[in-house]
Amino acid sequence: MHLACHSYYSLKYGTLSPEQLVALAVSKGIRRLALTDINNTSCSYAFYQACTKLGVTPIYGVEFRQFQDPTSSKIDHSQYLYTGIAKNAEGIRELNGLLTSASLNKELLPVEAPPLEHTYIIYRSIPKGIKHLRDHEFIGVRPTEVNKLYTSYLKNFLDKLVVFAPITFADQDGYKTHKLLRCIDLNTVLGKLENNYCANASEYCYSPDEIQKIFQQYPQIVDNTNTLLESCTFEMSSAKSNNRKTFTGSKQGDMTLLNKLAINGCIRRYGQRNKKAMDRTLAELKVIAKLGYSPYFLITWDIIRYAHTAGYHHVGRGSGANSIVAYNLYITDVDPLELDLYFERFINPHRSSPPDFDIDFSWDERDDVTDYIFKRYGRDHTALLATYNTFKGKSIIRELGKVLGLPKNDIDTIVHEPHATDKHHPYAKHIFKYGKLIEGFPNYLSIHAGGILISERPLNYHTALQLMPKGFPIVHFDMYGAEDLEFHKYDILSQRGLGHIKEAVNLVARNQGKAVDIHNVAEIKEDLNVKARLKAGYCIGCFYIESPAMRGLLTKLGCDNYVHLVAASSIIRPGVSKSGMMREYIHRYHHPESFTYIHPIFEQHLGETFGVMVYQEDVMKIVHHFAGLELDESDVLRRIMTGKKKTSDTFKKLRDKYFVNCKARGYPDELANEVWRQVASFSGYSFCKAHSASFAVESFQSLYLKTYYPLEFMVAVINNFGGFYNTELYVHEARMSGANIEAPCVNHSTYLTNIYDTTIYIGFVHISELERKVAKTIIQERLDNGAYQSLDEFVTRVDISREQLEILIRIGAFRFTGQNKYELMWEKNAVHNPMVKQQAAVGRLFDSESTHYELPILAEGPHEQAFDEIELLGFPLCSPFALVKEKLPKHISANQMKAHAQQVVNMVGYYVARKNVTTVNKKLMNFGTWLDEAGHFFDSTHFPPSLARYPFRGKGVYLITGKIVLDFDFPSMEVIRMQKLPYVSDERY
């Protein structure tokens, strides 16, 4: 009976999850149900699963409404076009294809449905006259319209009429929720919401008996509807066969090629006589062939092969780094034998979800690799995964507050003081009620970080596609939907750290004329100078190891090798540190004689990490070697314990097997229970070792460049953005490494920051409010016609507005003239005429002499440049300590902290960063990071009482008083009080 049902994937329209929709139908006795979300197919398979579970026959459909414009996915809900119902799999493809075509070709949907052989089309109004309807086209009649049929000409065409009873909400609260969602979508207040943008108030769920009764005078309409529904089947498979089945064209060809590549690669990686490596390679190949994953490995290899031919560097990480075949194919650079990585962590016969490789490329190369994949494997078969941006938290309160017409101050009060009901607007109770109902609803589709699907059949058999701004289409479902359909996901990810490395290598070649081999990882990992910097925590700008917490951990450990860096990359994770295992690991690292292994198995397999489980693989090792579970069973147990399925039958069987095996091996109950407790408590926060290992390789590469080419490396970090710190800190680090830092200059700066020998010129990109077009014009004109000689000559060559010219003068971009800013500002008024544009094709026939004026002496104050830099760059290029108004009080430096352990002292620090932490008592505390006057880092701890009395007050120099404490010989200050020191007055005003 129900040919039109909306889930909440009818975005900002529907109010029911697919599971709620099906449950509602079952409660009304409905046995056949068509899902017809508006221009969306996100939850079609989830709907199918929900129907199958509850014994309802699912039917696939799409409700087509017009887009607001051809280039937008935003829907004009007032323009209902038609509803399509798929008869079978071909019908699903046709409906999805219609929606896909409009999006990919940036066209409006056709007002009249094209001929679709395997679908039914239901109109609400007739664009071409009822006599011209095709056999598969019908008119939908709402229950509220039945009484009007008596006087309508439609009663003469009953064979073309069907019941049209949409389901959009379950009850009155659902209807109100729907109206609020419509207001959010339309960015309007509730009182101005127009009915034609909303669902009809009658779009509740009718039972079959209610429909029969309403249409009792027209039983043929009900019969038509039932006939239509009964002729439809929902055909969409969840199987590995959804993926591209072969790479070469045949399964045997795939296996032959993969064997050749893997075996030859094994010889290249390990030499001719490494039996252990070859045996594992052959064993993995056997499992890969058995599970049908040869095309997955070969397609990934093909992607890497393209990247290498284009000169792109990549990092293969994630659980895929557990595979020696992946290592042999150069998909990853992590040796699984060196780190004792288990292949079963990546693929095993018991694993229900497909494997996935995480392949990182530089942020400016990833799109080209993605484009290759689309062109290589076909746009009908290739798409990016979607992700759902959902309604959550404070954003819901703000949205509903606006819809209800509350002033901003009232909304802010509700957001910031949710429990202060005495201060709330009377509507706050409604905001909280409906906010709770809306929480978790999908808001809009976005692009997954990098997941790509490559299918065997065209993707329109599973989903419609939506074109995104970057030019690549997405499927309508997310990674969980892909997993349910058993699609393999190729994660092609963007990473700034690789951009640092690539650009640093290029800068070294240009600035020093040296070629740097950054891929000789084995040598880099053993470089003594690199190890020394790692041990000292000198890692600013280096991928994954530059944060205050990570630098502190490296220093506390005295970490000076790859294996321990891999461990450090994992134990820094929040769960490990919160559990206390990070401190235990550091203690055991320094005092290996101070503890006893709980069992020899722990010493044998966790000796590298001193008996502490650090990685997800450690769960597998212990339950396999200690309790005798198979490796694939161990991985299943690991996956369950790190997820939310601890009540499943599989979990119970594996747990029982663990204890049965322990008893059979003669372990005391106390020992078996304690090992199980450690495994259970650990697995909730575990981290993949292969993932850590991949990160550690990149960290070493970054640190190698920082050690030997620090200036080029810091310029690369500045230019790639996205690091832990802001640009100011990286500029400071370059200065500490010996660079001479120069403000932007029209004769030396490029758009990004650049280096000449040991002088670094800040790029135009960092100047606030300087237009990109102006910056590019300055650079191109200089390249074409040489350096600028004066301000007068500059304005004759560059078309620039008065405001843009003033910005350049203020930042000091004309200091090469020898004139100060006041003189330049005066001259600007004489030489710059914004009404006269220099045309590219017409130069000045004769240079005219400028009139010179005698000016009074106009001197700049000592701090004016610094204040201009703060306004335009966001930070001064001089020392911020030079801007402090009063003489600094007596204080110690960062290098003196250890000598004053347990003493209360003063320190003066320039604010770098802080981290918010909530205590077990739900109170806020902070960890601060500072620079002292000499430019060295130090750290502070701000417990709740101190933080409440002496909060951070933004960037600047602070006088900090506190007690110096040592933690594994790493000094920090426990703050008692602090105050921000005032700067000198701004002389410009």
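**Entry 1: cavities in the whole structure.** I searched the whole structure for cavities of 30 Å³ or more, and the search finds three. I note here that the model is predicted. Rolling a probe the size of a water molecule over the atoms shows where empty space is left.

**Entry 2: the largest cavity.** I looked up the volume of the largest cavity, which holds about 60 Å³ of space. I then asked which residues line the largest cavity. The lining consists of His313, His314, Val315, Gly316, Asp333, Val334, Ser694, Val697 and Gln701. Two elements give two or more residues to this lining, namely strand S8 (314-317) and helix H28 (689-708). I also sorted the lining of the largest cavity by class and recorded three nonpolar, five polar and one charged residues.

**Entry 3: the second largest cavity.** I recorded a volume of about 40 Å³ for the second largest cavity. I found that Leu35, Asp37, Asn40, Thr41, Ser42, Ser44, Ile59, Tyr60 and Gly61 line the second largest cavity. The elements that give two or more residues to this lining are strand S2 (32-38) and strand S3 (57-67). Which element gives the largest share of the lining of the second largest cavity? I noted S3, from which three residues come. Sorted by class, the lining of the second largest cavity has three nonpolar, five polar and one charged residues.

Definitions and conventions:
Residues are numbered from 1 along each chain as its sequence is written. This is a predicted model: local features need pLDDT of at least 70, side-chain atom pairs count only at pLDDT 80 or more; totals for chains, interfaces and linings use all residues. Side-chain values use heavy atoms; hydrogens and water are left out. On a 1 Å grid over the protein atoms alone, a cavity is a set of points where a 1.4 Å probe fits but cannot get out, and a pocket is an open set with protein on both sides within 12 Å along at least five of seven lines; lining residues have an atom within 4 Å of a point. Grid points are joined across faces, edges and corners, and a volume is the space filled by probe spheres set on the points. Helices (H or I, at least four residues) and strands (E, at least two) are DSSP runs, numbered from the N terminus. Ala, Val, Leu, Ile, Met, Phe, Trp, Tyr, Cys and Pro count as nonpolar, Asp, Glu, Lys and Arg as charged, and the others, Gly among them, as polar.
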